[in-house]
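Subject: Structure for you to look at

Hello,

Here is the structure I promised to pass on. Please open it first, then read my notes below.

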Amino acid sequence: MEPYVNGYFSYLMENQLQCEDIPMREALRQGAEEWNALSPSERTKYRGKNKSRHLHKCSNCRHKRQPEKQKSLKRCPKSPTLSYSHRSRMQRPCSPRSFRNKYCPRKCSSRRTRRVCLLKRTTKVMATDVKFNDTLSCSDPQSHPVLIIGQLRHLNLLKFSHLESKLSPRVTEETFLNAVACLHPAPTDKVSLYLDVATVAALPLKASRHNTASRAHAITRLVKNHVLNVSEESVVLVCERENLFASACAVVRAFPLYSRKTGNLLAASQSKSQFGGGDQGDGSKDAGRNVVNVEFVLINKEGGVESEPLTEDELNCLNETTRAIRLTARIVDMPCNEMNVDHFIQAIEDVGRELCITPQVIRGEELRERGFGGIYGVGKAAAVPPALVVLSHEPRGAQETIALVGKGIVYDTGGLSIKAKTGMPGMKRDCGGAAAILGAFYAAVQCGFKENLHAVFCLAENSVGPNATRPDDIHTLYSGRTVEINNTDAEGRLVLADGVCFANKDLKANIILDMATLTGAQGVATGKYHGAVLTNSETWEAKSLQAGRKSGDLLASIIYCPELHFAEFSSAIADMKNSVADRQNAQSSCAGLFIAAHLGFDYPGIWMHVDMATPVHCGERATGYGVALLLTLFGGHTDSKLLQSIAPTDEEPPSKRLCRD
């Protein structure tokens with residue numbers, strides 16, 4: 001049936017079929033009664049008003065141009081003849097052939113555009129808010145698209161009644177069961193349930209012992225590729241409760257905040273006071289922003305579906321973690337002209353203001369006067385002076401003191417040992433460690449951290465200028481040790497050495513973790529998905545690996561052997577050099593050992609070093625790596641029951657780490 005045959009169908013579409021609260025049969029009945037109640041003159045007038053925009057032939061892609069007076073009507077960019085006035089009418093897909101042949105006068109050129117033709121795709125990319133719901137909400141996929149993701153063995157346990165509230169009335173039980181039966185993940189697979197606005201996707205069948213059982217990376221890819229970016233849609237995760245946190249974080253990583261595309265509503269909606277992006281702090285959302293509802297169907301260990309909704313504690317933990325991950329990714333994505341040392345300090349102050357914490361700031365010449373030769377030497381050539389900034393959370397009754405130290409090189413030219421033209425782009429990400437620690441500190445305090453927690457930010461811009469550190473210069477660091485500079489591009493270890501010494505000498509921390517985008521060799525050693533962890537404690541090494549698997553921020557251990565490797569830094573005139581003699585000898589381990597040397601290899605506390613140079617980004621966008629890892633690693637020190645449930649315990653022996661299916 002063509003919608004313009006007698007005007008009835010067009011009238012029905014515009015007045016009845018888009019009403020979400022009215023069943024289809026009732027909508028058809030009411031529409032017929034209203035159409036029959038119109039006088040012949042009113043019907044003729046209605047047909048004349050709409051006929052010009054419906055007369056076209058889809059077979060030869062010819063269509064008539066819209067009159068100027070109809071420009072105010074909202075319409076599909078690939079289908080100018082199909083006009084809607086209601087928001088949900090703009091969300092009609094034109095991908096499936098049967099639907100496109102009726103309504104779309106021109107075949108869409110690209111695969112992604114074919115999936116959905118929306119008005120806003122031609123002009124503006126909307127910002128996206130991620131919202132977690134305690135239970136499955138009721139929605140019609142025609143107006144609120146839904147993407148269902150789960151392992152195949154979990155999807156096979158579902159009955160249609162478990163998902164009926166998200167699929168009815170567009171998808172029948174038979175269609176759903178047939179779709180699940182057709183899934184053959186290799187490594188992933190998806191099946192469209194209804195016009196590509198309702199989709200079920202299966203995760204990889206296997207996860208090895210060095211992978212996360214949640215298949216977090218596959219979840220992020222599926223969400224990135226298959227969400228439609230409409231005003232409101234849903235992602236339903238079918239998983240076990242122990243994978244709830246990692247799966248939620250994986251979805252969040254698919255929606256970065258930062259953009260400076262012209263006409264982008266995201267850029268206009270961001271303000272420096274809203275460090276989490278779009279959220280006013282009271283839970284309200286910016287007007288005009290897209291919303292992705294993330295909902296869960298939890299599978300228990302007996303293979304049944306849990307009926308209990310998520311608790312308020314779990315929702316609070318997920319929401320705070322979401323803000324932290326997106327804050328971290330936004331800082332890493334921002335270029336140095338918008339995220340220099342001044343801007344980073346402002347971001348820290350914004351977080352401190354929300355947590356009622358006043359940061360301690362040491363910067364400029366005060367760094368030199370107080371002996372922070374590493375941070376001062378790296379950043380002294382930049383137009384914006386370097387700084388060491390500390391946020392401290394000290395609750396009553398605390399027994400332990402934990403210090404998180406982050407490398408915050410807001411841009412790394414390499415200094416006078418300047419990088420090549422192809423090696424310098426992307427160096428805005430060299431502050432990824434400090435950004436992750438800022439996000440993790442915020443979320444941990446919001447989740448009720450019960451021990452002393454300090455976040456130490458070592459901020460500098462490694463620039464070229466008259467005041468730049470020269471190779472052969474010797475600096476005295478906060479540890480009192482002298483360092484001969486033989487490579488100004490090995491600057492991260494210098495600022496971190498000052499940071500960990502401050503954590504030990506001034507903050508009296510008994511657990512110190514530093515996080516940095518330290519070496520390009522990390523990607524060679526552990527790959528682009530796993531960060532590298534180096535530590536003086538075998539117990540905490542096992543805990544960190546376990547935390548990586550449970551959070552989705554994966555880790556792999558690297559060699560801790562200072563008696564064999566530290567000789568690479570030998571200097572004839574100073575205590576040490578800052579770069580290795582042999583670049584083929586465990587570079588990532590040696591770089592970490594340089595930091596540990598300033599703390600002292602006989603340090604009685606726990607020291608951990610996380611090198612995440614490669615997993616800090618995926619393609620051209622930041623991942624927010626590190627936030628979920630730190631929250632999981634120290635989750636036992638929070639009041640959050642969700643974090644407590646996934647916090648690492650005594651590690652299982654290697655013989656039991658079998659391939660997870």
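**Whole protein**

Keep in mind that this is a predicted model. The protein has 661 residues, and 58% of them are buried. Its secondary structure comprises 23 helices and 23 strands. Take the contacts between residues at least 6 apart in sequence: 74% of them join residues at least 24 apart. The accessible surface is about 27,600 Å². Carbon and sulfur atoms account for 49% of that surface.

**How to describe a helix pair**

Two numbers describe a pair of packed helices: the angle between the axes and the distance between them.

**α10 and α12**

Helix α10 covers residues 244–252, and helix α12 covers residues 312–333. Their axes cross at roughly 40 degrees and come within 10 Å. The crossing of α10 past α12 is right-handed. On the α10 side, the contact uses Leu244, Phe245, Ala248, Cys249 and Val252. They meet residues of α12 including Cys317, Leu318 and Ile325. By type, this contact has eight nonpolar residues, two polar and one charged.

**α17 and α21**

Helix α17 (residues 492–505) packs on helix α21 (residues 587–599) at about 35 degrees. The axes of α17 and α21 lie 8 Å apart. Here too, the crossing is right-handed. α17 brings Arg493, Leu496 and Val500, among others, to the contact. From α21 come Ala591, Phe594, Ile595, His598 and Leu599.

Best wishes

Conventions
Residues are numbered from 1 along each chain as its sequence is written. This is a predicted model: local features need pLDDT of at least 70, side-chain atom pairs count only at pLDDT 80 or more; totals for chains, interfaces and linings use all residues. Side-chain values use heavy atoms; hydrogens and water are left out. Axes are lines fitted to C-alpha atoms, for helices over the stretch in contact, and angles run from 0 to 180 degrees between N-to-C directions. Helices (H or I, at least four residues) and strands (E, at least two) are DSSP runs, numbered from the N terminus. A crossing is left-handed if the near helix is turned anticlockwise from the far one by less than a right angle, and right-handed if clockwise. Contact means heavy atoms within 4.5 Å. Buried means under 20% relative accessible area, exposed over 50%, partly exposed in between (1.4 Å probe, protein chains only). Accessible areas come from the Shrake-Rupley method with a 1.4 Å probe; for residues, only the protein chains shown count as cover. Ala, Val, Leu, Ile, Met, Phe, Trp, Tyr, Cys and Pro count as nonpolar, Asp, Glu, Lys and Arg as charged, and the others, Gly among them, as polar.
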